[in-house]
2 protein chains.
Amino acid sequence: MTDSGAGRSAVPPLPRQRRYEDACAAAHALDLVGDRWALLVMRELLFGPRRFRDLRASLPGISANILTQRLEELQAAGIVQRRTLPPPASSQVYALTEWGQESEPIFQALGRWAARSPRHDPRLPLSAASFLMSLRTMLDPARAAGLRARIGFLLGEEPYLARLAGGRIAIAAGSAGPAELVLSGAPAVLAAAIYGGVPLAALEGEGTLRIEGDRALAERFVTLFPLPPKAPPAAIPPPASA
Amino acid sequence: MTDSGAGRSAVPPLPRQRRYEDACAAAHALDLVGDRWALLVMRELLFGPRRFRDLRASLPGISANILTQRLEELQAAGIVQRRTLPPPASSQVYALTEWGQESEPIFQALGRWAARSPRHDPRLPLSAASFLMSLRTMLDPARAAGLRARIGFLLGEEPYLARLAGGRIAIAAGSAGPAELVLSGAPAVLAAAIYGGVPLAALEGEGTLRIEGDRALAERFVTLFPLPPKAPPAAIPPPASA
DNA sequence: CTGTATCCGTGTTGATACTG
DNA sequence: CAGTATCAACACGGATACAG
């Protein structure tokens with residue numbers, strides 16, 4: 001017989017790992033990547049492989065054991081794979097599988113929606129991957145229409161190259177080829193210019209941002225990513241509890 | 001600061017509610033709706049307000065206290081609002097706010113991605129909202145091109161109406177106006193026909209599905225929602241652990 | 001009848017220290 | 001530097017008792 005029903009304290013034969021029992025594909029997605037930190041780990045891998053320590057550094061507050069656990073689970077699910085770099089380095093890196101890479105629209109949907117949150121605080125730390133993903137997400141095709149440009153970013157140590165064309169933006173790691181403009185600084189500083197409306201000159205004056213090349217292009221670039229209006233804070237704040 | 005030595009068990013000065021400290025909007029989204037069950041509660045509200053007991057019934061495994069907690073948090077965030085129905089019923093219902101309703105692309109992105117999961121089991125229970133959302137998500141515009149039809153669904157007790165036109169599908173609660181076809185049955189049965197490839201005749205024979213109206217339309221309808229190919233199970237299964 | 005609050009068992013999360 | 005082990009705290013889930 002099935003044990004179900006009576007047994008309540010003696011028999012835990014189904015250690016069902018706290019998953020939803022739901023055929024809905026979205027629910028299944030949460031079974032796969034709904035654990036704390038899982039999606040943020042994936043986010044950090046969207047622009048290329050990363051080492052364990054890079055992931056730790058980009059994810060403020062994650063602890064080593066949790067990161068290990070998430071990476072194992074993501075590997076078991078076929079979302080992440082571990083690779084060993086060639087002998088000179090021979091270090092391990094984690095990379096998204098092809099399917100894992102296809103999770104990008106999830107981040108765009110989440111980001112586009114949460115950008116309207118009244119509680120969103122854009123002044124918190126920001127990783128390079130988050131910043132670059134935000135560009136892909138928030139670019140306004142209308143404002144970028146007719147603009148064709150190559151813009152380099154130096155985020156900490158890592159170079160990236162964005163190509164604007166046809167109202168769209170493509171971003172890849174590395175600095176392949178020449179760029180009309182190169183912006184250097186911490187992701188949070190770039191974000192302050194693009195989303196916070198802080199004048200480029202102010203950031204440059206502080207020495208936190210460096211602009212090389214076409215300054216006019218820089219001024220236009222930071223206007224291409226408009227934020228949506230905030231949603232109303234809370235229609236009816238709950239009485240007086242939590 | 002250095003926590004060294006001193007017992008901090010007495011002081012909970014940082015009730016940081018286990019949130020990410022990250023300016024990334026996607027991370028903020030997870031702060032808002034990343035708790036267990038939160039997104040599934042929202043999913044159940046996507047097609048209209050629901051009562052507490054409806055939510056409980058549609059969410060297999062959620063307990064009452066957790067549902068209460070999630071509903072409060074979602075209200076506090078401005079995603080859900082509680083309404084009181086007019087006197088005859090005067091019961092409370094929960095509904096998405098306008099901003100909450102805009103979360104729909106999140107479910108589509110999650111669902112579209114997870115549909116490729118090797119582990120996805122489509123034979124689990126399925127709520128009406130999940131089923132209807134899957135239609136919106138998986139409709140193939142090319143296959144639906146040139147098809148103009150009104151199709152009613154009777155899922156349990158609740159009527160819904162889908163309008164196909166221009167390669168798109170619109171679905172709303174209720175049964176406004178006439179339909180060429182009405183399909184009645186449990187969401188899981190409809191899903192078996194559309195995604196499981198089970199012949200309509202077989203389901204009708206079992207008495208689990210009822211087809212009224214244009215049978216040829218029904219046969220075509222179930223072919224409009226192709227599933228994507230599965231992703232490879234796991235490139236390199238981890239050594240020998242779980 | 002609808003929804004909320006409390007107790008408690010259990011598993012997961014997260015911080016620290018430790019090993020390869 | 002990568003990853004594991006140990007342990008404390010908390011979140012979840014179940015049952016039940018309580019409030020509107």
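Predicted model: local features only at pLDDT ≥ 70, side-chain atom pairs only at ≥ 80, totals over all residues.

Biologist: How many residues of chain B are in contact with chain A?
Modeller: 58 residues of chain B are in contact with 59 residues of chain A.

Biologist: Which helices of chain B supply at least two residues of that side?
Modeller: α1 (25–33), α2 (38–45), α4 (64–76), α6 (104–114), α7 (128–138) and α9 (187–194) of chain B each do. α6(B) gives the most, with eight residues.

Biologist: And how do the residues on that side divide by class?
Modeller: There are 37 nonpolar, 12 polar and nine charged residues on the side of chain B that touches chain A.

Biologist: What rotation superposes chain B on chain A?
Modeller: A rotation of 180°, with 0.0 Å of shift along its axis. The RMSD is 0.0 Å. The two copies are thus related as by a two-fold rotation axis.

Biologist: Which residue of chain B comes closest to the rotation axis?
Modeller: B:I106, with its C-alpha at 3.1 Å.

Biologist: Do the copies meet through the same surface or different ones?
Modeller: The same surface, because 100% of the interface residues of chain B are also interface residues in chain A.

Biologist: Switching to helix packing. At what angle do α2(B) and α4(B) cross?
Modeller: Roughly 75°, and their axes come within 10 Å. The range for roughly perpendicular is 65 to 115 degrees, so α2(B) is roughly perpendicular to α4(B).

Biologist: Which residues meet there?
Modeller: From α2(B), B:A38, B:V41 and B:M42. They meet B:R70, B:L71 and B:L74 of α4(B). By class, that contact has five nonpolar residues, no polar ones and one charged.

Biologist: Now the sheet. What is the strand order in chain B?
Modeller: β5-β4-β3-β6-β7, five strands in an open sheet of chain B with mixed pairing. The edge strands are β5 (168–173) and β7 (209–213) of chain B, and each pairs on one side only. Neighbouring strands are turned by 20° against each other on average, direction ignored.

Biologist: Do β3(B) and β6(B) run parallel or antiparallel?
Modeller: Parallel, with four bridges joining β3 (residues 149–155) to β6 (residues 181–185) in chain B. One bridge pairs B:G152 with B:V182 of β6(B).

Biologist: Where do α7(B) and α9(B) lie on the strands?
Modeller: α7(B) lies across β3, β4 (158–165) and β5 of chain B, at about 160° to β5(B). α9(B) lies across β3, β6 and β7 of chain B, running at about 120° to β6(B). Both α7(B) and α9(B) also supply residues to the side that touches chain A.

Definitions and conventions: Residues numbered from 1 in each chain as written. Chains lettered and ligands numbered in written order. Contact = placed C-beta atoms within 7 Å. Nonpolar A, V, L, I, M, F, W, Y, C, P; charged D, E, K, R; others polar. Axes fitted to C-alpha atoms, helices over the stretch in contact; angles between N-to-C directions. Parallel < 35°, antiparallel > 145°, perpendicular 65-115°, else oblique. Least-squares fit on C-alpha atoms with pLDDT ≥ 70 in both. Pairing = 2+ DSSP bridges.
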